[in-house]
Amino acid sequence: MNTGYRVVRAALVAGLVVLPLWLAGCELKHKSAYCFEGCAGAGEVLGEGGGSWDVGTGGQSLRHDPLPTGTGAAESGVCVYEGEEVCDGKDNDCDGKVDEDIDFTDPHHCGNCETNCVALLRSVTEPECKPPKKLDGSTPGTCTYDQCAEDYYDIDPKVPGCEYYCDSNPDGKVTKDLGGAQGCGRDDDCDGKVDEDVDTCDDVDNCGRCARRCVILHGTARCVSSASSGEACNESNTECQVAKCDKGFYDANGLADDGCEYECTADGPEVCDGKDNDCDGQIDNADADLQDAEGVGDKCQGGVQGICAAADHAGIGKCIGGTLQCCDRGSNDVKGNNPNLPATGVRNGICNADSGPQVVQPGERLEFCNGQDDDCDGEIDDSPSDVGGPCGSSVGSCSPGVSMCDTDSASATFGSLVCIGATEPSTDVCNGADDDCDGVVDGSAIVPL
């Protein structure tokens, strides 16, 4: 029975005398379970160890007997003294008050005795109590904390405190999973998830999957994915490509596996010179860029003099054996057999055609006595090849001469062969000679009808 005084029974213990009146008003205010001399009253309190103290005449203790086994405060109707008052819903010091003077702002009993923030909050540095408005021990407060303990994180709002242990982010500066050769399979940012931040779409260290690193020989890599919006980037739709080659190296075959495999010194766009000028791995006719080179595919002449410059001998510029040549226009239609070149067209590597206009090169043809510059040396009928032969007749009075070319532009026979030094036939007279050189002396040959 709890009162503001030490518990005193109203009735006297059986067998004791009536207390003197001067003891009846003695208040038992001590927190000790013992009744000190000078205090009067009758009743029982449980002493330390469970013994009962009967208060008799003069306030002196008459006996101290332990309670029978199994006898509790509720059963015996007495207060069990346990020492200083603690927060447990009981009158520990038997002063008639329960949990008095308890600081309900303390994290150990936040708002009430049942809310122990120190025990509830896991792995925090400073458990704190946010108390309720009314501090009567009936309403629980709210447990809070300033920060988690080292290597602990609060990732589950349903669990009080910091329940997640993670030692991969000691300084707290990592904000996402890093991936790469050393980071895959690890929660780098300590958010309870593994590799969820790894960019497998365009990260060269995690291309298509975590730790799939793009390496380009003699160059710089990039990661490219064909995944559609919302589709995960994986090895089936994401690949490494060459982003840039180092100086002096080129990706001639377009394959990332061997990187920038082609070492070359570029000197400009492709031209016909037997070299890979633009360092794309293709030389002259093998390079489609050659069609844009100066002179290739243009109208041309075999020479600038004589028949070489004539319109009916015009040709087309083509790259043959590393040099630009003027070729027959019909050569574009002749099928070539080089597997590295187009079969037809200006890059087929064929220069001559059997039909159509023929390109004439200087010195390609012999000079003839025809009023033209056949060898394209700038001189007409100079040293023609068809002169010097015998001409005329040796019959009768005639004698042969030598054929020569008439180079007199004012002559009626200019550009024609003439017979020089020959005795020409004359009118036959009766002189015993064959003057007309018809094989009949002083007569005429009979012409059959």
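This is a predicted model: local features need pLDDT of at least 70, side-chain atom pairs count only at pLDDT 80 or more; totals for chains, interfaces and linings use all residues.
In strand β14, the bridge partner of I320 is T323.

**Two open sheets**

I320 falls within strand β13, which spans residues 315-320 and pairs with β14 in the antiparallel sense over five bridges. These two strands are part of an open sheet of three strands, ordered β12-β13-β14, with antiparallel pairing. The edge positions are taken by β12 (299-300) and β14 (323-327); each has a single partner strand, so one side of each is left without a neighbour in the sheet. In general, the strands of a sheet pair through backbone hydrogen bonds, in either a parallel or an antiparallel manner.

Another open sheet consists of three strands in the order β15-β16-β17, and its pairing is antiparallel. Here β15 (390-391) and β17 (417-420) stand at the edges, and because each has a single partner strand, one side of each lacks a neighbour in the sheet. Strand β16 covers residues 401-405 and is joined to β17 by four bridges in the antiparallel sense. Within this pairing, M404 has V418 of β17 as its bridge partner.

**Disulfides**

A disulfide is a covalent bond between the sulfur atoms of two cysteines. A search of the whole structure finds 19 disulfides. Three of them are set out in the table.

| Disulfide | S to S distance | S-S torsion | Handedness |
|---|---|---|---|
| C148 and C162 | 1.9 Å | about -75° | left-handed |
| C214 and C240 | 1.9 Å | about -75° | left-handed |
| C308 and C376 | 1.9 Å | about 95° | right-handed |

The accessibility of the two partners can be stated separately. C148 has a relative accessibility of 21% and therefore counts as partly exposed, whereas C162 is buried, with a relative accessible area of 0%.

The disulfide that joins C214 to C240 has an S to S distance of 1.9 Å. The torsion about its S-S bond is about -75°, so this disulfide is left-handed. C214 lies in the loop between α4 and β8 (219-225), and C240 lies in strand β9 (residues 238-245), so that the pair links distant parts of the chain, 26 residues apart. Both C214 and C240 are buried.

For the disulfide between C308 and C376, the torsion about the S-S bond is about 95°, so the bond is right-handed. C308 is in the loop between β12 and β13 and C376 is in the loop between β14 and β15, so the pair ties together parts that are 68 residues apart in sequence. C308 and C376 are both buried. A further cysteine, C430, counts as exposed at 75% relative accessibility.

Most residues other than glycine have a negative phi. D381 is not a glycine, yet it has a positive phi of about 55°. D381 is situated in the loop between β14 and β15. S383 is likewise not a glycine and has a positive phi, of about 50°; its place is also in the loop between β14 and β15.

Is each of these residues buried or exposed? D381 counts as buried, at 3% relative accessibility, whereas S383 is exposed, with a relative accessible area of 68%.

**The surroundings of T175**

T175 lies in the loop between β7 (164-165) and α4 (180-183). The residue is exposed, with a relative accessible area of 68%. Which residues does T175 touch, not counting those up to four places away in sequence? The contacts of T175 are with D189 and D197. T175 and D189 are 14 residues apart along the chain, and their C-alpha atoms are separated by 5.2 Å.

Methods. Residues are numbered from 1 along each chain as its sequence is written. Side-chain values use heavy atoms; hydrogens and water are left out. Two strands pair if DSSP finds at least two bridges between them. Buried means under 20% relative accessible area, exposed over 50%, partly exposed in between (1.4 Å probe, protein chains only). Contact means heavy atoms within 4.5 Å. A disulfide is a pair of cysteine sulfur atoms within 2.5 Å.
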